[in-house]
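I opened the model to look up fold, helix packing and chain contact. My notes follow.

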2 protein chains.
Amino acid sequence: MYPILTVGSVAFDSIKTPCGEASRVVGGAATYFSVAASFFTDVRMVAVVGDDFTEEQMRVFSGRRIDLTGLQRVSGETFRWKGEYSVDCNSRETIYTHLNVFDQFRPVLPESYRSTPFVFLANIHPALQLEVLDQVRAPRFVAADTMNYWIEGTPDELGQVIGRVDALVINDTEARELSGESNLVKAARAIQRMGPALLVIKRGEHGVLVTRDRGFFAAPAMPLEKVSDPTGAGDTFAGGFMGFLASAAEITDTVITRAIIAGSALASFSVEDFGLDRLLRLTPDELRDRFAEFKRLTHFDAL
Amino acid sequence: MYPILTVGSVAFDSIKTPCGEASRVVGGAATYFSVAASFFTDVRMVAVVGDDFTEEQMRVFSGRRIDLTGLQRVSGETFRWKGEYSVDCNSRETIYTHLNVFDQFRPVLPESYRSTPFVFLANIHPALQLEVLDQVRAPRFVAADTMNYWIEGTPDELGQVIGRVDALVINDTEARELSGESNLVKAARAIQRMGPALLVIKRGEHGVLVTRDRGFFAAPAMPLEKVSDPTGAGDTFAGGFMGFLASAAEITDTVITRAIIAGSALASFSVEDFGLDRLLRLTPDELRDRFAEFKRLTHFDAL
């Protein structure tokens with residue numbers, strides 16, 4: 001089992017979905033990622049919060065295997081985001097994004113973080129992702145997320161990141177835009193040629209598509225009767241996936257497919273309630289049961 | 001192994017996709033269904049063609065386990081359809097639909113068809129689907145397809161059909177419209193309450209979602225580098241699914257899941273070339289290999 005380092009946002013989210021609303025709840029990619037990954041391994045977080053982030057709000061991290069040595073607390077307001085989802089929760093509109101203290105954020109890795117063998121660069125400016133990579137020593141496995149904003153706005157820096165990672169964890173729209181290919185198979189091949197041997201394409205309610213040495217692996221999303229809030233589902237998936245990988249002795253195809261299911265299981269819980277609420281009360285037994293449910297959902301006997 | 005009866009359209013299709021064009025090729029739901037199902041069992045077809053349907057064109061059925069006793073040949077032109085697909089092949093526009101001889105079609109079952117144990121009612125007017133059901137004697141298993149046009153236009157007759165079938169094989173848009181539920185799990189439950197114990201929801205490039213006694217089964221579509229022509233993929237899937245079911249001694253959950261994969265495998269071939277071309281040159285060995293590929297695509301080891 002190896003510890004995992006992550007860099008990304010910690011935020012206050014305000015969320016409106018067809019199921020209800022939540023105001024100023026703790027969110028952010030690094031938060032969802034860390035809580036999810038901590039089900040499987042020790043997490044070291046690099047992020048920033050303002051002085052409005054209270055002890056009460058810090059409790060989302062407490063009692064978990066999350067090292068906060070790298071969490072900077074600076075004067076000013078914490079990153080704030082507000083989003084509103086469509087009726088079927090498959091699309092959302094950003095009402096506002098206030099970067100606040102995140103605007104001046106420069107990731108600084110404490111000495112105790114620098115030899116972390118697993119690294120996940122959540123969706124932030126690729127220049128910052130590169131700064132993190134420059135501070136870690138010979139990592140075993142590095143993965144990154146990104147978004148259309150960086151694909152369009154900073155393609156050169158993003159290209160450098162992609163050339164230095166073992167895995168890219170992005171959604172299908174991003175994969176198509178990054179590669180310029182509308183066919184996902186061709187998109188995957190094109191992105192692999194840019195660097196990462198492993199490409200994980202998130203397809204929301206349609207699950208995940210993964211490249212492996214011996215061909216694609218596809219996992220459906222768990223069919224859910226109620227999706228309360230999709231916020232953070234992708235970061236939760238990434239946390240479960242990377243946390244599971246880091247918890248294994250070796251990265252084999254078997255481990256990769258199980259890690260995909262672990263991430264999918266965590267994400268399927270995450271959306272059941274607002275913000276982090278469902279993840280925070282999730283038990284290891286429930287997670288194991290959901291993993292077994294995925295097996296029942298997808299299993300068929302060979303001919 | 002049981003024979004299967006199907007009723008539906010035989011047509012001349014003109015198709016334009018990003019990969020090319022085909023003009024006046026043999027198509028129609030009953031055609032795709034029958035060719036696919038005949039990989040697994042004997043098929044009895046009820047349909048109509050005009051006197052422009054040549055011996056040459058009849059060859060798509062020859063050398064296969066397809067009984068054409070119920071194929072009516074009448075004076076006039078065969079049903080013609082022309083469609084054009086979007087760049088990603090996920091949507092299409094109908095350029096024209098000329099019903100021609102199909103307009104006056106009334107399904108008449110030859111005496112030799114009336115005790116067929118498996119029945120598939122392809123997407124035609126629900127009144128005609130009911131006429132077929134009135135002519136068959138105590139079938140073991142009946143399934144139907146339908147479309148938005150009948151859901152909106154003839155809800156009462158469609159409701160009677162749905163109340164008399166064991167399975168409904170429709171796409172996700174149709175499932176949502178039929179049930180009035182945007183959530184697919186709720187949609188599935190609502191449709192099951194209308195009659196069919198088994199609901200098969202086709203999701204195109206995202207695969208298939210199925211209700212079973214012990215919960216959902218989800219199968220992805222095979223990721224394909226090239227989709228030449230999606231025409232008939234849904235009917236091919238239905239043919240493979242129903243043909244496989246009919247070829248089994250008993251309908252168990254294990255058989256249902258394998259039948260879903262059999263249908264998915266056939267559909268994945270169908271889209272590789274225009275019209276029926278790929279299906280017509282498909283070998284049983286290739287089909288078995290694709291089935292095994294689906295196993296590799298989806299398999300993961302339990303924890």
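I counted 11 helices and 13 strands in chain A; helices are DSSP runs of H or I with at least four residues, strands runs of E with at least two, numbered from the N terminus. The radius of gyration of chain A is 18 Å, close to the 19 Å of the globule rule for 303 residues, so chain A is as compact as a globular protein of that length. That radius is taken over C-alpha atoms, and the rule is 2.2 Å times the number of residues to the power 0.38.

I noted that this is a predicted model, where local features need pLDDT of at least 70 and side-chain atom pairs pLDDT 80 or more, while totals for chains, interfaces and linings use all residues. Residues are numbered from 1 along each chain as its sequence is written, and chains are lettered from A and ligands numbered from 1 in the order written.

Next I looked up α8(A) (residues 233-247) and α9(A) (residues 253-270), which pack at about 145 degrees with axes 7 Å apart. Axes are lines fitted to C-alpha atoms, for helices over the stretch in contact, and angles run from 0 to 180 degrees between N-to-C directions. Residues in this contact include Phe237(A) and Phe241(A) of α8(A), and Ala259(A) and Gly263(A) of α9(A); contact means C-beta atoms, placed from the backbone, within 7 Å.

Last, I checked the contact of chains A and B, which takes 34 residues from each of them. On the side of chain A, α11(A) gives the most, with seven residues. α7 (184-194), β13 (217-219) and α9 of chain A are among the elements giving two or more.

Terms used: Two residues are in contact if their C-beta atoms, placed from the backbone, lie within 7 Å.
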